[in-house]
Protein chains: 2
Amino acid sequence: MPGTRTTTVRDLRKSNRARALWELYMNGPLTRQEVGAAAGVSPATVSNLVGELLEQGVVIEVGLEDSNGGRPRGLLQVNPEYGFVVGVDVGETALLVELFDLSMKVRASHVSTTELARLDPQDVVDRVHEGIEAVIAQAGVRSEQILGVGVGVPGLVEHGNDAVVHGQSVGWDAVPLGAMLRDGMDLPLLIDNGAKTLGQAEKWFGAARGSDNAVIVLLGIGVGTSIISNGELYRGSTSSAGEWGHTTVMVEGRQCRCGAVGCLEAYVGAEAIVARYDELKRRRVEIKPRELEERVAAIVTAAPSDKAAAKVLDETATYLGAGIADLVNLFNPERVVVGGWLGQLLGDTLLPRVREVAARHALRLPFSHVSILKAQLGKDAVALGAATLPIASVLSSGAVLPSTTVRSRLLDSSRATG
Amino acid sequence: MPGTRTTTVRDLRKSNRARALWELYMNGPLTRQEVGAAAGVSPATVSNLVGELLEQGVVIEVGLEDSNGGRPRGLLQVNPEYGFVVGVDVGETALLVELFDLSMKVRASHVSTTELARLDPQDVVDRVHEGIEAVIAQAGVRSEQILGVGVGVPGLVEHGNDAVVHGQSVGWDAVPLGAMLRDGMDLPLLIDNGAKTLGQAEKWFGAARGSDNAVIVLLGIGVGTSIISNGELYRGSTSSAGEWGHTTVMVEGRQCRCGAVGCLEAYVGAEAIVARYDELKRRRVEIKPRELEERVAAIVTAAPSDKAAAKVLDETATYLGAGIADLVNLFNPERVVVGGWLGQLLGDTLLPRVREVAARHALRLPFSHVSILKAQLGKDAVALGAATLPIASVLSSGAVLPSTTVRSRLLDSSRATG
DNA sequence: AGGCTTCCTCTAAGTCGTGAATCATGTGGC
DNA sequence: GCCACATGATTCACGACTTAGAGGAAGCCT
């Protein structure tokens, strides 16, 4: 929950309400007492706040908890049906749109693939709009029930006036995706980098859950991270923090597709792994994006007799270990979570070796406090994480209904005139 | 200013008071209107708050600002004489204790050097106590006027119950420095890593001033950083974030004193620079810590005919550039500030080359938003930064006088009993 | 002096969270 | 079946806070 600025007495209520809601969402169901302890308010205030939230349908009471002798504690929870959110994963080869309820149950989903090598922004926008309409229809909800739409994109997202996307790998240069998506749709819209939305998904529901300082590593064709610092996504000054793939692990090393040399991605990116294998086999095979996954899988599962595969994997573990050690030294996280399709593929085989290498390269103290884990969520994590964006926004606002505001304003004026 | 949790109406005032104070301290002198705008409160509240601060002597009115036609605006400022702070720099070879007023004017200072190769904790503690008494006497202030003592140490500082220091380079393993210093001194005490205090000094008063996302690099025998994220020091889970010196820039590269290989420090640390020079000259010279600085200086200022020096410097720029590019990619700062005695020494000669290398290695978007600068503060920056620690603490508390609390409590009880 | 402009402060009103008292809702004993 | 008991939840009076708007303060110009 971002540091909401609290200056007036009214802000106070909003902020307390938001804290209670976050707590209920993240750790619910909870008793009123637990909410009070977490939000730092008295029982009286909890009662007051919860009463309001119950009345507005944001929160529901789900069962009772036995107490030894006295009145049982009521268990509270955010109402999964209070509203719905849409998460969109704009991938390099496919576009996934999913509709969730607030408990993150998938209520509808829609996939569309593209044959284009480069993504055309307008085409993407049209498909997103189409997908959103499709999932709303499919789930049978009214569009007023949609709290917002989150979009995860491949590339850096500048959050200025409206989101602008720079996606080197898909040929996007300063695409004003925010404005384009908003045109023809009036749902609240939030856009972020796909690696960051995946990170948020792992933080909320996956392997980084409960950790306030974590680094989620995304391995695929590209190599990125999502950094959680003090419980929040770390963005840096222009939201491009966490570009781990192009950190230098070998001065004057291999050529990277970014133009520089010695980048981590030039060693552990999916294309690099396959290319290094082919080099060892002294053959030149053109790498087609569609086949990348099975080619990497073939290397991972190769027979022990395949010396080239063994060497490539060994080197990959070395570079990955060194790279992760850098993250541990610089960010001092409690957990490093390795995800992305390539991460899932390499995980079981390589993780023990990666841990060993990282232990050698990282400083003792920070390393002794870190766990290096496999991601828990699967392929849809980017869309799931994208859907958390509008949820975070709703929770931080305290889920104040526009209608409530209008109502109280009407009451005010009627009293003023009456 | 850390995210103070505001739940009750009283917290509200405290938080508004703290915001106003921070603003006045950082950007003063300011008019009441400016304070109101910055703190987000109405003129009435500013008047109220400022009145209290003036009465308590925390803030003073310094002159008037002309207005076009009306009553002139009063200019407010934190009272430099409201209290004093002590900053201590526990260096590897010398110990510096300085006493500052709130405007950071040095009022007294005390140096003591040591001949020991390894620092003895109890010896350091004694010297610190001695130094503090000396500067208090020298400045002629009463110890009640000391708001607190900040200490910058070489090594990682774990902020648990009380500060515990792990200083590999000085042979400290889990030294409970907090408890040791507190014993025999009852001033408020704050301890942090020297690189971090230096970073805070540059952020408050130096080259990183006004930047909410900055990385301050400290070059010396060791190589560290201090990371400012969203205006605050980034610590990570165990306060050891920013250990840049032992990130890997060359897999399977040079041996580093930390035990690993290929660390940045093994290339650009002071000892490494001299060692590499000696290797090129094909000679083995024992490096004495005392002579390190002049030996590096000799390399930097060597005649162009000294090919070995040129090569060492060139390589240093390459590694430093790559390392800084990593920081830019990972943290996406607005500024990178290069400091430390080695940084100062290398700065003018090397910085242009470092920028070039960094530009090649960093991604375009984050690099286009970053400035790579030399530090502005000199050798005493660690002590200066250490002294900012208690100031930050006072500002965040809103400078609520203990006496005030007692007084109001007395009033309460007298009214209750009366 | 008097009007004017601008800054500052005082007052009344509205909102909030808290603590103490009260109400609600269960268990266990008889 | 009834009543004491324990504990959770709610209500109410109170103090504390910020704000809007009115009024005072302090300088300038005519």
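Helices (H or I, at least four residues) and strands (E, at least two) are DSSP runs, numbered from the N terminus. This is a predicted model, in which local features need pLDDT of at least 70, side-chain atom pairs count only at pLDDT 80 or more, and totals for chains, interfaces and linings use all residues. Residues are numbered from 1 along each chain as its sequence is written, while chains are lettered from A and ligands numbered from 1 in the order in which they are written.

**Exercise 1.** Find out which element gives the most to the surface near DNA strand D.

*Solution.* Start with what counts as near: the C-beta atom, placed from the backbone, lies within 6 Å of the strand. That gives 33 residues around DNA strand D, with Ala44(A), Ser47(A), Gly70(A), Ser42(B) and Arg71(B) the closest. Next, look for elements giving two or more residues: chain A has H2 (32-39), H3 (43-55) and strand S3 (73-78), and chain B has H1 (9-27) and H3 (43-55). The top contributor is H3(A), with six residues.

**Exercise 2.** Work out how chain A is related to chain B.

*Solution.* Superpose the copies by least squares on the C-alpha atoms of residues with pLDDT of at least 70 in both.

**Exercise 3.** Describe where chain A touches chain B.

*Solution.* Count contacts (C-beta atoms, placed from the backbone, within 7 Å). You get 48 residues of chain A against 48 of chain B. H10(A) gives the most to chain A's side, with eight residues.

Conventions:
Contact = placed C-beta atoms within 7 Å.
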